Amino acid sequence: MTVPTTRPNNPPPDNAIRERMNIVIVGHVDHGKSTLLGRLYADTGTLPIGKIEKIQAICKQQGKEFEYAFLFDAFLEEQQQGITIDTARTFFSWGGRQYIIIDAPGHKEFLKNMVSGAARAEAALLVIDALEGVRDQSKRHGLLLSMLGVKQVTVVVNKMDLVNYREDTFQAIEKEYREFLTQLNVIPQYVIPASAKQGINITQPSPETPWYTGPSVLDSLAHFHLESKRTEQTLRLPIQDVYKFDARRILVGRITAGKLKIGDRLVFSPSNKSANIQTIEAFNLDPPPTQAEAGQSVGITLDEQIFVERGQIATHEEARPLVSTRIRANLFWLGAKPLEIRRPYVLRLATREVPCEVATIHRIVDATNLDDRHTQATVKRNEVADITLRTKSPIAFDLYAHFETTGRFVLVDEYDVAGGGIITELVQDDQEDFRTEARERDSAWVKGDVGAEDRAQRYGHRAAVVLLTGPDTTAKGFLARKLETVLVGEGRHAYLLAPENLQRGLDADLVDTKPDEIIRRFGEVVRLLTDTGSLVISTTNALQLPTKQIVQTLQTLVNPIPVITIHMAKELIGPQPDTDLIFAGPENFDDCTHQIIALLKSRGLLAEPASSRSDSQYSI
Amino acid sequence: MKHIRQLEDQSVYILREAYKNFDNLAMLWSMGKDSTVLLWLARKAFFGHVPFPLLHVDTSYKIPEMIEYRDRLAREWRLNLIVGQNKKALAEGMNHTKGRVECCTALKTQGLKQLLEEKGYTGVILGVRSDEDSTRAKERYFSPRDKNNEWDFRDQPPELWDQYKLSFPPGTHIRIHPLLDWTEINIWEYIKLENIPFLDHLYLDQGTGKRYRSLGCAPCTTPIDSTAKNVDEVIIELRNTKVAERAGRAQDEGRGMEQLRKDGYM
């Protein structure tokens with residue numbers, strides 16, 4: 001066995017820190033990741049005093065050989081089993097850089113822990129055992145690194161002592177693994193022959209491998225470069241929250257790409273609202289900032305009180321994100337239960353959260369054989385798949401190839417993050433034309449000096465659409481009229497717009513019945529009325545389209561004004577539509593009216609009661 | 001100082017995620033350098049406001065200057081300070097001579113547990129750092145604790161990119177760790193950069209050739225030999241030391257910390 005020595009024979013590190021970087025160590029179980037890390041610390045003399053002695057005592061107690069790995073496999077169970085269970089962050093300063101080196105487990109069972117570690121990294125050391133060669137997790141980790149956005153990889157062929165430092169063994173592994181990485185569009189920076197246990201090529205080139213002329217593992221770290229190009233991209237600022245702690249209404253979020261400055265015109269997607277940046281807010285910073293860039297957590301105020309909520313993405317007008325309810329993506333699944341079609345999940349993309357389901361599983365990607373792409377009805381734990389997702393409402397996003405942070409997402413199953421994905425394609429849904437119309441119309445809209453916020457303050461309510469749906473002869477019209485009467489009686493600006501009222505006027509030129517054009521025009525009229533700050537009440541039968549399509553189209557055209565749907569049925573039989581309220585054969589219409597009004601209040605659309613949380617979007 | 005601002009941006013993001021997603025949120029404040037930096041980061045994140053209560057689990061054995069400092073900042077920064085204490089254990093005479101791990105468990109772990117139960121917090125923000133000890137190195141930014149406050153380190157949820165664990169079953173809570181990526185040196189660099197008021201009488205050498213590197217209860221915390229008289233000298237000292245930060249903290253000996261943390265210790 002090797003005797004652990006602390007040999008600070010290198011020049012002492014230049015210890016003024018100029019920059020920081022996260023690196024992950026990955027690879028198949030038992031290929032020596034933790035040992036490599038332990039050796040790196042020991043041989044650079046960067047371990048705290050007494051650490052080696054402490055580990056020696058533990059090993060002696062357990063009757064084991066000294067293991068460098070125990071330096072970071074902190075849990076008793078990890079030391080007893082000789083494997084890493086969970087990712088550990090370790091700190092290492094060298095050459096003016098502060099590294100966080102993340103030791104990830106290599107056992108398949110702990111893949112979710114490996115992924116958690118690698119997702120934080122900018123670069124990776126991928127360790128392969130020279131004796132065992134390329135194994136399943138060597139490949140799976142390689143594939144996951146490329147999906148997690150870790151583009152800089154150096155491969156360490158470890159345990160070279162077990163193959164007598166043979167060049168041909170090393171070259172065979174290098175060739176096989178380079179070919180595999182090429183399929184993932186990854187080019188390793190270096191492939192280093194090493195022995196962590198014997199300290200070969202760890203901190204300096206060693207005579208055992210005279211045929212190797214590249215850097216040691218330690219020297220290779222300096223060749224990983226910091227990510228800087230994100231600031232050169234166009235702006236992406238996902239809104240995290242809206243604060244009203246004092247007189248200021250501050251929008252906060254972390255800039256994920258590009259830059260912004262005071263005076264910039266921002267447009268928010270998918271709401272299409274726009275305003276100029278008035279100030280950039282900061283605590284304990286004098287003078288306050290006038291600009292900000294990717295990576296920064298910022299707070300801004302706008303020159304106009306427009307509707308903004310968590311989940312929207314702020315950009316400059318000329319470079320907006322994509323918007324759809326359907327996306328195609330490559331997904332890795334970590335959930336205990338398999339991913340299933342039509343099971344409800346929550347998609348989280350940047351700060352947006354939206355219910356979603358899987359529309360199609362196109363194929364399963366086998367990490368150990370990238371050419372084999374078979375289909376399957378579900379995606380099991382640790383598998384990678386090509387899928388199409390359908391979200392309940394439209395989301396703003398980018399393709400991963402263009403923007404990292406707004407091009408990826410996670411899926412939440414019940415309480416847990418259960419999978420992660422990168423978006424490869426926008427899939428058009430049937431709302432695409434209406435969405436384009438709304439975007440172009442909003443963008444060219446000539447505004448007065450009175451904003452939606454001013455109207456809400458004055459009227460004591462916000463604009464909304466209340467849509468009564470359901471079969472004929474359920475007294476929808478009666479309830480709609482009653483609701484209008486009660487609201488106006490309370491002094492609200494409410495208006496009942498029956499779709500029939502457009503037929504002889506605005507729609508008089510429509511010779512044949514064109515349901516798409518009828519609903520488009522109806523939607524635009526509703527949009528105009530909501531822009532006056534009104535609560536618009538309507539029924540749906542005259543529109544002669546499936547209810548779901550009517551609701552979706554109205555939502556697209558009046559976006560971001562909320563559409564509240566009330567379903568009326570004669571009796572409750574079978575599955576009911578997903579609506580805000582359901583009334584079955586109501587007898588007391590006063591009660592129904594009060595329920596609708598209570599709902600509007602609970603959503604913050606009608607003043608009182610003011611929400612207790614200051615950040616409620618609709619609080620007046 | 002760009003690397004310090006990067007850490008700040010990340011921690012501010014985490015604090016804002018916590019505030020947005022947890023209705024009943026609180027932050028632990030021990031008045032030590034780390035949780036005071038955490039408190040300062042909250043003021044950064046919320047533009048001078050601290051929109052949740054600060055909890056101090058008072059073992060009654062703290063160094064007196066710490067309590068004075070706590071009350072002064074609470075007043076000046078208009079903090080909602082809540083002090084908890086395991087009064088029953090103290091009445092029964094608990095102290096470190098009955099065993100260090102036993103004392104920490106009773107006065108800190110149980111004291112915290114009582115406070116969390118009483119107030120029903122679903123999110124608790126703590127200033128632990130990965131480089132303090134090797135079990136903390138394995139923490140998530142958002143880390144679930146079960147009904148008994150226990151940490152199941154064998155089966156931690158995945159944490160991808162900036163997507164944290166924000167939902168949890170009833171009866172459990174989430175520990176939030178915005179400082180995991182900060183080192184001890186980073187803490188001091190930030191204190192200097194932002195000019196954050198800290199317990200200088202304890203953390204700096206007052207002419208005795210000694211200073212505290214880590215603050216805890218008076219009986220179980222010993223000062224280190226040091227001549228650092230200002231923050232710059234502390235940073236230089238730390239860059240050149242190989243002594244572990246918590247070497248002066250008695251409860252860390254042997255496997256003390258792994259057991260304490262599994263049972264719900266900070």
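In helix 11 (residues 515–531) of chain A, Ile519(A), Gly523(A), Glu524(A), Val526(A), Arg527(A) and Thr530(A) meet Ile550(A), Thr553(A), Leu554(A), Leu557(A) and Val558(A) of helix 12 of chain A. Here two residues are in contact if their C-beta atoms, placed from the backbone, lie within 7 Å. This is a predicted model, where local features need pLDDT of at least 70 and side-chain atom pairs count only at pLDDT 80 or more, while totals for chains, interfaces and linings use all residues. Residues are numbered from 1 along each chain as its sequence is written, with chains lettered from A and ligands numbered from 1 in the order in which they are written.

**Helix 11 against helix 12, chain A**

- By class, this helix 11 to helix 12 contact in chain A has six nonpolar, three polar and two charged residues (Ala, Val, Leu, Ile, Met, Phe, Trp, Tyr, Cys and Pro count as nonpolar, Asp, Glu, Lys and Arg as charged, and the others, Gly among them, as polar).
- The two axes come within 9 Å and cross at roughly 45°; axes are lines fitted to C-alpha atoms, for helices over the stretch in contact, and angles run from 0 to 180 degrees between N-to-C directions.
- That angle makes helix 11 of chain A oblique to helix 12 of chain A (under 35 degrees is roughly parallel, over 145 roughly antiparallel, 65 to 115 roughly perpendicular, and the rest oblique).
- Helix 11 of chain A passes helix 12 of chain A in a right-handed crossing, where right-handed has the near helix turned clockwise from the far one by less than a right angle, and left-handed anticlockwise.
- Helices (H or I, at least four residues) and strands (E, at least two) are DSSP runs, numbered from the N terminus.

**Helix 4 against helix 5, chain A**

- Helix 4 (residues 111–118) and helix 5 (residues 136–148) of chain A pack at an angle of about 40°, their axes 10 Å apart.
- Helix 4 of chain A is therefore oblique to helix 5 of chain A, and their crossing is right-handed.
- On the helix 4 side of chain A sit Met114(A), Val115(A) and Ala118(A), which meet His141(A), Leu144(A), Leu145(A) and Leu148(A) in helix 5 of chain A.

**Cores and buried residues**

- The largest nonpolar core has 219 residues, and those with the most contacts inside it are Ile23(A), Ala118(A), Ala124(A), Val157(A) and Met27(B). Such a core is a set of buried Ala, Val, Leu, Ile, Met, Phe, Trp, Tyr and Cys residues joined through C-beta atoms within 7 Å.
- A second, separate core of nine residues includes Ala89(B), Met94(B), Cys103(B) and Tyr265(B).
- Ala118(A), with 24 C-beta neighbours inside 10 Å, counts as buried (20 or more other C-beta atoms within 10 Å of its own; exposed is 12 or fewer, and partly exposed is in between, with C-beta atoms placed from the backbone).
- Leaving out residues up to four places away in sequence, Ala118(A) touches Val24(A), Val26(A), Ala104(A), Ala124(A), Leu144(A), Leu145(A), Leu148(A) and Val150(A).
- Val157(A) has contacts including Ile128(A), Phe170(A), Val191(A) and Pro193(A), with neighbours within four places left aside.
- Val412(A) is in strand 22 (residues 408–413) of chain A and is buried, with 21 C-beta neighbours inside 10 Å.
- Among the residues that Val412(A) touches beyond four places in sequence are Tyr345(A), Val346(A) and, from the other chain, Ser167(B).

**Where the chains meet**

- Chain B puts 44 residues into the contact and chain A puts in 48.
- Helix 1 (2–21) and helix 2 (33–45) of chain B are the elements giving two or more residues to the chain B side.
- Helix 1 of chain B gives the most to that side, with eight residues.
- The chain B side splits into 16 nonpolar, eleven polar and 17 charged residues.

- The Ser269(A) to Pro270(A) peptide bond is cis, with omega near 5°, and Pro270(A) is in the loop between strand 10 (265–269) and strand 11 (273–281) of chain A.
- Another cis peptide bond joins Asn559(A) and Pro560(A), with omega about 10°; Pro560(A) lies in the loop between helix 12 (547–558) and strand 27 (563–569) of chain A.
- Arg342(A) is not a glycine, yet has a positive phi of about 65°; with 8 C-beta neighbours inside 10 Å, Arg342(A) counts as exposed.
- Trp161(B) also has a positive phi, near 50°, but with 19 C-beta neighbours inside 10 Å counts as partly exposed.
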